[in-house]
Amino acid sequence: MQTNSWLLPDGIDELLPEQAAELEALRRRLLDTCAGWGYRLVVPPFLEYLDSLLTGTGKDLEHQTFQLTDQLSGRQLGIRADITPQAARIDAHQLQQQGPTRLCYIGSVLRTRPDGFSASRSPLQIGAELYGHAGIESDAEILRLMMETLRIAGLEEVFLDLGHVGIYRALAEQAGLDAAQEAALFEALQRKAHPEITELVAGFGLSPEYEQMFNALADLNGGREVLARARRELAAAPATVAAAIDYLDALGEELASCLPRVPVHYDLAELRAYHYQTGVVFAAFVAGQGNEVARGGRYDQIGEKFGRARPATGFSADLKALMALGRREHAQAPGAVLAPALRDAALEQQIAGLRAAGRVVIRELPGQVLDYAEAGISERLEKTQQGWECHPVGGRAGQ
């Protein structure tokens, strides 16, 4: 049976020359922007020992990570599904700075299942992380950098979704939910499945106060006014819940000042990366797309497993998705210059000068048949009395 050997696995893609050139131009702009904000580039490895790669992430990444056995050591390796834990390892173990550390990264990740609007299993993840500061200011800085990233990528009408995983975590702990109950309710809350939530909570044998609060949690979403309603609905909750609501309120006030044109939606049942994040979580959405285009949050405890617990907040996005969604003006680059297959010192000097000036120069190959339009050639170097000069071309060059 003959197979189509050119087919790629589901969720695995490739970029052709024009797409790759556009992606590279966007990559450079975004990394330059991160550098201008003080975020230094790191390049973690594509695979690591599995225990290091999954440290501090709970089950959130384990099922998304391809695993294999190292033929040298016999230990389990993992192909990274997220670069964030690697950046945390670099901050905690390699750099060990005393003050705040700002890192950025870009690299391919591989996931066992599709993720995001493009159904890709091979995103090109770009992100930034800020270590060593716990507070609204660092979360706001990361959010501002995320929004600047989306602006440069050409995304329009972006709105933010804010939540805080500490609210559900504190309620579940204080209510005495076991692991199975917590997981079942977690799944129902993610789907906003109200009848299922009511049925689950009724079966847990909770006090009336906690039964009411868990049922209310799924409906605590909307504009900033939802925070006042949350204070009333969750008044019987532990003090940590009130502190989390206050944090979201203060962060919203900060965002209203620094990102006044960005709509902010609050969702207190938003539990994205619940076992990974420790505080505020956020995501950016655009009209017409059901999945987020960028996401992030606070994950203060992950560095502890690497020997140094530090406050941490960050965001990430798929650069290929941003490129596909964004609207950017593309400057028309000049076509390539064709140089004849001759050995001439003056010709070589002219070619070097053109390339130094940013022009593309393609050397002619003996015996070739070349379509100028197909090769993107607009000019040809020809020898005149004044020396080698560029002249317009058209059509097809023969042998």
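This report describes the fold, the nonpolar cores and a few individual residues of one protein model.

The model is a predicted one, in which local features need pLDDT of at least 70 and side-chain atom pairs count only at pLDDT 80 or more, while totals for chains, interfaces and linings use all residues. Residues are numbered from 1 along each chain as its sequence is written, and side-chain values use heavy atoms, with hydrogens and water left out.

## Overall picture

The secondary structure comes to 13 helices and 18 strands, where helices (H or I, at least four residues) and strands (E, at least two) are DSSP runs numbered from the N terminus. Taken along the principal axes, the box filled by the C-alpha atoms is roughly 95 × 55 × 50 Å. Of the 399 residues, 47% count as buried; buried means under 20% relative accessible area, exposed means over 50%, and partly exposed lies in between, with a 1.4 Å probe and protein chains only. The protein exposes about 20,200 Å², of which carbon and sulfur atoms supply 51%, the areas coming from the Shrake-Rupley method with a 1.4 Å probe. Among contacts (heavy atoms within 4.5 Å) between residues at least 6 apart in sequence, 68% join residues at least 24 apart.

## The nonpolar cores

A nonpolar core is a set of buried Ala, Val, Leu, Ile, Met, Phe, Trp, Tyr and Cys residues joined through side-chain atoms within 4.5 Å. The largest such core has 77 residues, and those with the most contacts inside it are Y168, L171, F214, L217, L234 and L268. Helix α4 (residues 136-152) gives the largest share of this core, nine residues. Apart from it lies another core, of twelve residues, among them V42, A88, Y105 and Y299.

Leaving aside neighbours within four places in sequence, L217 is in contact with I167, Y168, L171, L189, L234, L268 and A269. Y210 is found in helix α8 (residues 208-217), and, with residues up to four places away in sequence not counted, Y210 touches L171, Q174, A175, A236 and P238.

F306 has its place in the loop between β11 (294-298) and β12 (312-318). Apart from neighbours within four places in sequence, the contacts of F306 are S52, T55, P85, A88, R89, A92 and H93. The C-alpha atoms of F306 and L217, which are 89 residues apart along the chain, are separated by 34 Å.

## Loops with a positive phi

Q96, which is not a glycine, has a positive phi of about 55°, and Q96 lies in the loop between α3 (84-95) and β5 (101-108). E157, also a residue other than glycine, has a positive phi near 55° and lies in the loop between α4 and β7 (158-164).

## Cysteines and accessibility

With a disulfide taken as a pair of cysteine sulfur atoms within 2.5 Å, the count comes to zero. C258 is in no disulfide, and the nearest cysteine sulfur, that of C34, is 17 Å away.

The table gives the accessibility of several residues.

| Residue | Relative accessible area | Class |
|---|---|---|
| Y210 | 11% | buried |
| F306 | 13% | buried |
| C258 | 22% | partly exposed |
| C390 | 25% | partly exposed |
| Q96 | 45% | partly exposed |
| E157 | 64% | exposed |
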